[in-house]
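Here are some questions and answers about how the parts of a structure get their labels. Each answer sets a value beside the rule that applies.

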Amino acid sequence: MQSVQTSLQAAFETLPNAKLGIFDYLPVELVFLVLRNLDIRSFFHSRQINRRARVLSTGLYEYQLVSKHGLEGLRGLLRAGLAHCFTIVDLHRPLVTDKCSICGGFGGLLFLFTAERCCFHCLRSSAHYRVLPPSAFAKHAHISPSRLLRLSGPTLQTVPGTYNMMDTPARRPKHLILEEKATQMLLAAKAIDQDVIRNLRIRREQPEQRLMVATAYPCYRLENAKLERGVSCKGCQVRLEFLRGDSHGLARDRTFSTQGFLSHFSACVEAQHLWAESEEGTRPVKEPELTRRGGFLTRLGSDGLPR
Ligand SMILES: [Zn+2]
Ligand SMILES: [Zn+2]
């Protein structure tokens, strides 16, 4: 996103000479009120009207923070085809909190269907975040795909990516819908009944599909103007990989705020051991390949561990 950052964050240097018609008669507070209520797609369209519109939109407080620190959220919603469902304020709200909207713990992700902040564990386990391809929903609900799309709320367009730790890439449906929202809307339209909801609840999920509807989203702390992306624990990866503890990787997959990590550290024997062995991070020690690469994936074995 480097190449678009400047144009997103600044107005043109040349001063505007055109006006915005009747819009220019409004006090600037009211102009900002209008801009805050525009959906993101319309907001960007309005930004392209002329240099005056660009100056006004660039000056919106929430936009300044989102265009600087929340670019993953903007990109995620635009590429998913959901930008028309949210405002800049909807992206600003999760940007200035670090709390997962389900469990209240540190959440390093943005769930694109609802623009809610969430943590990796809740994204994978909460029924609130269940998604499925429209074709699978239509089959379970015994309704035609076109009727489903008309009645079931927004559809998310998936993008290519690495969604698991295996050698073979995950199968990626072109579109996904949010199960909770779709069932609510179809129930209200009397297009499905409770039996369909029961069938949907017991269906087998493709776990990777939930990862296709979220993006990393840092947290901007208003109290100290610092950005926090969250940290993971090397010690927990050691326990998973070398000691074969934590077989589901639940602890390894946790993300902490800096403060949260310090309290985790006091309870994580392996992290303390690494800290002591590395003489407080001043000399290299033997550590898992995954943490050595800063969490980036390489070719991995079928057990999900680096070879
Ligand atoms: Zn959570
Ligand atoms: Zn740990």
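Q: Which residues lie nearest the centre of the second largest pocket, and how many residues line it?
A: This is a predicted model. In it, 18 residues line the second largest pocket, and those nearest its centre are Lys234, Phe261, Ala271, Leu274 and Trp275. The space in this pocket is about 400 Å³.

Q: Which helix gives the largest share of the lining of the second largest pocket?
A: That is α15, with four residues. At least two lining residues come from each of α14 (234–241), α15 (258–265) and α16 (269–277).

Q: Where in the chain do Cys103 and Cys122 sit?
A: Cys103 is in the loop between α7 (88–95) and β1 (109–111), while Cys122 is in helix α8 (residues 120–125). The two are 19 residues apart, and the pair links distant parts of the chain.

Q: Why is Cys122 called buried?
A: Its relative accessible area is 5%. Buried means under 20%, so Cys122 is buried.

Q: Why does Cys103 count as partly exposed?
A: The relative accessibility of Cys103 is 47%. Partly exposed covers the range between the buried limit of 20% and the exposed limit of 50%, so Cys103 belongs there. Gly105, in the loop between α7 and β1, is also partly exposed, with a relative accessible area of 28%.

Q: How do you know that β1 and β2 pair?
A: Three bridges join them, and they run antiparallel. Two strands pair if there are at least two bridges between them, so three bridges are enough. Glu116 in β2 is the bridge partner of Phe111.

Q: What makes β2 (116–118) and β6 (214–216) edge strands?
A: The open sheet has the order β2-β1-β6, with antiparallel pairing. Each of β2 and β6 pairs on one side only.

Note on methods. Residues numbered from 1 in each chain as written. Chains lettered and ligands numbered in written order. Predicted model: local features only at pLDDT ≥ 70, side-chain atom pairs only at ≥ 80, totals over all residues. Heavy atoms only, no water. Buried < 20%, exposed > 50% of the residue type's maximum accessible area, 1.4 Å probe, protein only. 1 Å grid on protein atoms, 1.4 Å probe; cavity = no way out; pocket = protein on both sides within 12 Å on 5 of 7 lines; lining within 4 Å. Points joined across faces, edges and corners; volume = space filled by probe spheres on them.
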